[in-house]
Amino acid sequence: MHFKISIVIYVTLFCYINAEEDVLPSFIKKCDFNDKELERCIRKQIENSLSRFTKGIPELGVPSIDPVQLDDINIDGNGLKLKFAEAAMHGLSNSKLTDLKVDIGSDEEDFNLGFKGNMSLTAKYNIDGKILILPIKGDGDAVVKANNVEVNIQSKLVHVKDSKGRSHLKLITPNYKYDIQSTTFDLKNLFNGNKELAETTLSFANENWRQLMDDLAPPAIKQIVRTVIKAINKFFSKIPISEMLEGYKDS
Ligand SMILES: *[C@@H]1O[C@H](CO)[C@@H](O)[C@H](O)[C@H]1NC(C)=O
């Protein structure tokens, strides 16, 4: 009986401690707040942990962002109707850090984050209309491969206190820009599977990929950035600055 009770207490205590202690996952190492090369240390930690981070940190409630599930994308303009449903963007976990500006001041700082990767979007598509002059029509599975997608996020990094008075970081009012080197579309079942027509039209679409991407990329990138920011902020909300940076004192 005693034994049972002590197990119950132990388990409860263990869970309690686990839930209360907001510790860095083991794949991220603390940086020293007073290090002159703090930014370099943070960059290294991000580079080292990017692929793990994007797969999610369940114990901190940080969701996986590879793939990013996208809301339906509807484009209707320039004589073309295009819908992507059940869309998912893959590839963030293999992306590379290209830019980082971070300063942990005491209140509000600028924050820049740039990353670059080869992304692929899978979806159920429905297309009807014209690309430039060429008619296109069909529905089925779509794979859109975008090469060297570079996204640069500029944001404010502010400090917020939790209920215990500990400071946490938070990204607010993010802006972003992006660049895509090239894109290939694979739309299955164009023209009800008419191969000849499908091939001609698809290669034309691929030659003129920018035309399609000008419509498609903005809603997709917007959702990717929103999802990335949300994941980072979830992480920040769980881990106080003092837990990320050795020698950081809450003011
Ligand atoms: C994307 O793929 C190309 C070709 O395979 C490769 O050269 C390039 O380095 C990749 N880009 C990134 C950011 O991984």
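Phe 235 is buried, because its relative accessibility is 7% (buried means under 20% relative accessible area, exposed over 50%, partly exposed in between, with a 1.4 Å probe and protein chains only). This is a predicted model, in which local features need pLDDT of at least 70 and side-chain atom pairs count only at pLDDT 80 or more, while totals for chains, interfaces and linings use all residues. Residues are numbered from 1 along each chain as its sequence is written, and side-chain values use heavy atoms, with hydrogens and water left out.

The count of aromatic pairs comes to 3; rings of Phe, Tyr and Trp (its six-membered ring) pair if their centres lie within 6.5 Å, and planes under 30 degrees apart count as stacked, over 60 as edge-to-face and the rest as tilted. One of these pairs is Phe 53 with Phe 235, which is edge-to-face, at 5.6 Å centre to centre and 85° between the planes. This pair links distant parts of the chain, since Phe 53 lies in helix H2 and Phe 235 in helix H4 (residues 209-238), 182 residues apart. Helices (H or I, at least four residues) and strands (E, at least two) are DSSP runs, numbered from the N terminus. Both Phe 53 and Phe 235 are buried.

Phe 235 also pairs with Phe 236: the ring centres are 6.2 Å apart and the planes stand at 50°, so this pair is tilted. Phe 236 is buried as well, with a relative accessible area of 9%.

Gln 223 is placed in helix H4 and counts as buried, at 8% relative accessibility. A polar atom of the Gln 223 side chain lies 2.6 Å from the backbone nitrogen of Asp 71. A polar contact is a pair of N or O atoms within 3.5 Å; within protein, one must be able to donate a hydrogen and the other to accept it, and residues adjacent in sequence count only if both atoms are side-chain atoms.

Arg 52 is in helix H2 and counts as partly exposed, at 46% relative accessibility. The C-alpha atom of Arg 52 is separated by 9.2 Å from that of Ser 64, and the two residues are 12 residues apart along the chain.

## The disulfide

The whole structure holds 1 disulfide (a pair of cysteine sulfur atoms within 2.5 Å). Cys 31 and Cys 41 form this bond, with their sulfur atoms 2.0 Å apart. The torsion about the S-S bond is about -90°, so the disulfide is left-handed.

Cys 31 belongs to strand E1 (residues 31-32) and Cys 41 to helix H2 (residues 38-54), so the pair ties together parts that are 10 residues apart in sequence. Cys 31 is buried at 4% relative accessibility, and Cys 41 is buried at 18%.

## The ligand site

Lys 96, Lys 116, Gly 117, Asn 118 and Asn 148 surround the ligand; a residue is near a molecule or strand if one of its heavy atoms lies within 4 Å of it. This shell divides into no nonpolar, 3 polar and 2 charged residues. For that division, Ala, Val, Leu, Ile, Met, Phe, Trp, Tyr, Cys and Pro count as nonpolar, Asp, Glu, Lys and Arg as charged, and the others, Gly among them, as polar. Strand E6 (residues 108-131) gives the largest share of the shell, 3 residues.

Oxygen atoms of the ligand lie 2.9 Å from a polar side-chain atom of Lys 96 and 2.3 Å from a polar side-chain atom of Asn 118. A nitrogen atom of the ligand is 2.8 Å from a side-chain N or O atom of Asn 148. Taken alone the ligand exposes 370 Å², of which the protein buries 45%; accessible areas come from the Shrake-Rupley method with a 1.4 Å probe, and for residues only the protein chains shown count as cover.

## Backbone details

Asn 148 lies in strand E7 (residues 134-161) and is partly exposed at 27% relative accessibility. Phi of Asn 148 is near 45°, a positive value in a residue other than glycine. Phe 191 also has a positive phi, near 50°, and lies in the loop between strand E8 (167-187) and helix H3 (195-207).

Asp 66 and Pro 67 are joined by a cis peptide bond, with omega about 5°. Pro 67 is in the loop between H2 and strand E2 (68-69).
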